[in-house]
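Let's take a look at how parts of a protein chain sit against one another. Here is the model to explore.

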Amino acid sequence: MTRAAVPLLIVLGVAIGLSTHTVVNCGDEDEPDICSAVIGFSPLRGSLIAFAYEGRGRIALRHGDNGRAIADFNEAIHLNPNRASLYRDRAQAYRQNGELDLAIADYDEAIALDPRPAMPYRERGLALAAKGDLDRAILSYSTAVRLDPTDAQARLDRGLAFLARGQVDDARADFEAALALPPGKDGRVHDTARAKLAELTRAEPTEVSTPQR
């Protein structure tokens with residue numbers, strides 16, 4: 001290798017590294033044109049370009065454009081069908097779009113590809129509960145709770161499903177457990193759990209004492 005070729009190889013290596021970084025992380029910016037530019041002009045094709053479709057899909061999902069998100073996730077899955085997060089993200093878009101059967105199928109696929117994260121089980125529980133399939137929803141929530149016992153949202157969601165099924169004691173136990181856990185990014189989980197516990201307390205029959213003679 002000539003001495004003159006070394007700087008050229010260094011520059012080329014940096015350029016390729018920056019290009020790959022842009023492809024993989026374009027969804028971190030809240031500007032879909034960056035991902036679109038990567039999709040349109042990047043020389044990196046195949047499964048790697050799936051990251052750009054995934055990034056643009058996540059941006060659309062954050063802005064509530066579920067149709068655009070689904071279309072981009074479709075492209076990403078076509079290019080990289082073995083990435084579990086793509087099915088999970090498309091499932092979220094389907095669920096928010098009211099397409100619950102498609103959402104459940106995608107959550108099942110995400111879990112089959114990577115059964116370790118708790119989130120797909122909890123989100124699948126939401127889709128099942130929305131369909132009225134409370135038995136399967138509770139099973140899915142229970143797996144999420146087992147995989148991540150610190151997830152207050154999973155406890156709250158399972159408590160709501162128990163309550164809808166009339167299992168008041170189980171619901172109360174989950175609401176109390178949710179209050180004992182960190183609330184997450186905001187206090188809505190704790191607020192909801194506290195409100196549901198108050199409703200259950202108000203609904204309890206008042207014990208009337210019998211006057212003594």
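## A161 and what it touches

Contact here means heavy atoms within 4.5 Å. Leaving out residues up to four places away in sequence, A161 touches L134, I138 and Y141. You'll find A161 in helix α9 (residues 152-164); helices are DSSP runs of H or I, at least four residues, numbered from the N terminus. A161 is buried, with a relative accessible area of 4% (buried means under 20%, using a 1.4 Å probe and protein chains only). D133 sits 28 residues from A161 along the chain, and their C-alpha atoms are 9.5 Å apart.

## Where this comes from

This is a predicted model: local features need pLDDT of at least 70, side-chain atom pairs count only at pLDDT 80 or more, and totals for chains, interfaces and linings use all residues. Residues are numbered from 1 along each chain as its sequence is written, and side-chain values use heavy atoms, with hydrogens and water left out.

## Helices α3 and α4

Now for a pair of helices: α3 (residues 50-62) and α4 (residues 66-79) pack at about 160 degrees, their axes 8 Å apart. Axes are lines fitted to C-alpha atoms over the stretch in contact, with angles from 0 to 180 degrees between N-to-C directions. That makes α3 roughly antiparallel to α4 (the label for angles over 145 degrees).

## D89 in α5

D89 belongs to helix α5 (residues 84-96) and is buried too, with a relative accessible area of 5%. Beyond its neighbours within four places in sequence, D89 is in contact with E54, R58, L61 and F73.

Notes
Helices (H or I, at least four residues) and strands (E, at least two) are DSSP runs, numbered from the N terminus. Angles under 35 degrees count as roughly parallel, over 145 as roughly antiparallel, 65 to 115 as roughly perpendicular and the rest as oblique. Buried means under 20% relative accessible area, exposed over 50%, partly exposed in between (1.4 Å probe, protein chains only).
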